[in-house]
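User: I would like to learn how to read a protein model feature by feature. Could you take me through one?

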Amino acid sequence: MDHLTGTSPPATVPAPPTALLESRDAPAATTVRCGRGALIAIDGVTGVGKTYLTGHALDGLTDPPLTLAGFSQPARTAPGLGTGLLRALRDASGGDPFLRGGTPLAETLTLLAIKRHDFDLVLPRLALGRAVLEGRSVDTTAVCQALLLHPGDPGAALDTATALLSLASFYRRPPDLTILITDDPVHAITRTQHRDHYVLTRDQAAYLRDASTLYEQLAATDPARYRVLDRRVTGAREAAEQIRTWITDAATGLPCLREPWTGPAAPCLCCGHTSERDPA
């Protein structure tokens, strides 16, 4: 399967600037308990039931999180930089449901720019103590673009997905928690086609299956941040309850947020604390 027909050979992910590497390797700041809200991502391939299950989970919360639509949400039409970049990707992809326009590395950087814009958008809400649900966070960008950069090479795709997450973390905070919803890809494909009244091509179906596998492999590399909900063994009611519990638990013991390239003495983006002012 070749997703890059007519394009340049697969490219490697560029390394972050040296200054950012030095900042990242600096001693960790003393943890400060911040009153901010949690940033929670809901991820997984199209058709696994993210919107359906999350909606039922939020119905049981007295103070539900704010929600930020993902790349595939038609409702995301509010004017602004993020919407403009997403519209450009959609136009370039010619209607491809996975936003594949033939220039995967350029598209990767554009998607990461959208995710930084999303972070800027939700930061004031986080600072007010509100939790935010982000549909399709940097995890989706890493998975989907790694497959495009290394078609037919699962090992290289996993390495690149990990590298893309590392690259993204130099420019925006990753989610405090990523809830990954998985299912049998055949069921996901069926739901997608029924919902969108669109029959996936053989290439598109194969891409969805590969993404489903890579999501699970990526989640296994960071069990502290990911929670995996497998619909193959979890009913809809139990799944919604589990998501609700994870969302509630994510609000406890949150550390301060600082720009990744700043030192430990930089003020928190939400509460203003620095490590030097840690009352503990």
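Analyst: We go from the overall layout to one strand, then to the cores and a few arginines. Keep in mind that this is a predicted model.

User: How many helices and strands does the chain have, and in what order do the elements run?

Analyst: The chain has nine helices and five strands. Read from the N terminus, their order is α-β-α-β-α-α-β-α-α-β-α-α-β-α. Of the chain's 280 residues, 47% count as buried. Among contacts with a separation of 6 or more, 77% are between residues 24 or more positions apart.

User: Take strand β1. Which way do its residues point?

Analyst: In a regular strand, side chains alternate between the two faces of the sheet. In β1, Leu 39, Ala 41 and Asp 43 point one way, while Ile 40 and Ile 42 point the other way. The strand covers residues 39-43, and five of its five residues are buried.

User: Which strands does β1 pair with, and in what sense?

Analyst: One partner is β3 (residues 132-135), which pairs with β1 in the parallel sense over four bridges. Here Ala 41 is opposite Glu 134 of β3. The other pairing is with β4 (residues 177-182), again parallel and joined to β1 by four bridges. In β4, Leu 180 is the residue opposite Asp 43.

User: Which residues touch the most other members of the largest nonpolar core?

Analyst: That core has 49 residues, and Ile 40, Ile 179, Ile 243 and Ile 247 touch the most other members. Helix α8 (residues 202-220) gives the most to this core, with eight residues. A second, separate core has 12 residues, including Phe 119, Val 122, Leu 126 and Val 132.

User: What does Ile 243 touch, not counting residues up to four places away in sequence?

Analyst: Its contacts are Leu 53, Ala 57, Ile 179, Ile 181 and Leu 229.

User: Now a charged residue. Where does Arg 36 lie, and is it buried or exposed?

Analyst: Arg 36 lies in the loop between α1 (18-24) and β1. Its relative accessible area is 3%, so it counts as buried. A polar atom of the Arg 36 side chain lies 2.8 Å from the backbone oxygen of Pro 255. Beyond neighbours within four places in sequence, the contacts of Arg 36 include Leu 126, Gly 129, Arg 173, Asp 176 and Cys 270. Leu 254, Pro 255, Cys 256 and Leu 257 are also among them.

User: And why is Arg 116 counted as buried?

Analyst: Arg 116 has 17% relative accessibility, and the cut-off for buried is under 20%, so it falls in that class. This residue is in helix α4 (residues 104-127). Its side chain makes a polar contact of 2.9 Å with the side chain of Glu 259. Leaving out neighbours within four places in sequence, Arg 116 is in contact with Tyr 171, Arg 172, Glu 259 and Trp 261.

User: Which arginines lie over the face of a tyrosine ring?

Analyst: Arg 100 lies over the face of Tyr 207, at 4.9 Å from the ring centre. Arg 225 lies over the face of Tyr 226, at 4.6 Å from the ring centre.

User: How many aromatic pairs are there?

Analyst: A pair of aromatic rings is described by the distance of the centres and the angle of the planes. In this model the count is one aromatic pair.

Key:
Residues numbered from 1 in each chain as written. Predicted model: local features only at pLDDT ≥ 70, side-chain atom pairs only at ≥ 80, totals over all residues. Heavy atoms only, no water. Buried < 20%, exposed > 50% of the residue type's maximum accessible area, 1.4 Å probe, protein only. Helix = DSSP H or I, 4+ residues; strand = E, 2+ residues; numbered from the N terminus. Pairing = 2+ DSSP bridges. Polar contact = N/O pair within 3.5 Å; in protein donor to acceptor, adjacent residues only side chain to side chain. Contact = heavy atoms within 4.5 Å. Core = buried A, V, L, I, M, F, W, Y, C linked by side-chain atoms within 4.5 Å. Phe/Tyr/Trp six-rings, centres within 6.5 Å; stacked < 30°, edge-to-face > 60°. Lys NZ or Arg CZ within 6 Å of the ring centre and 35° of its normal.
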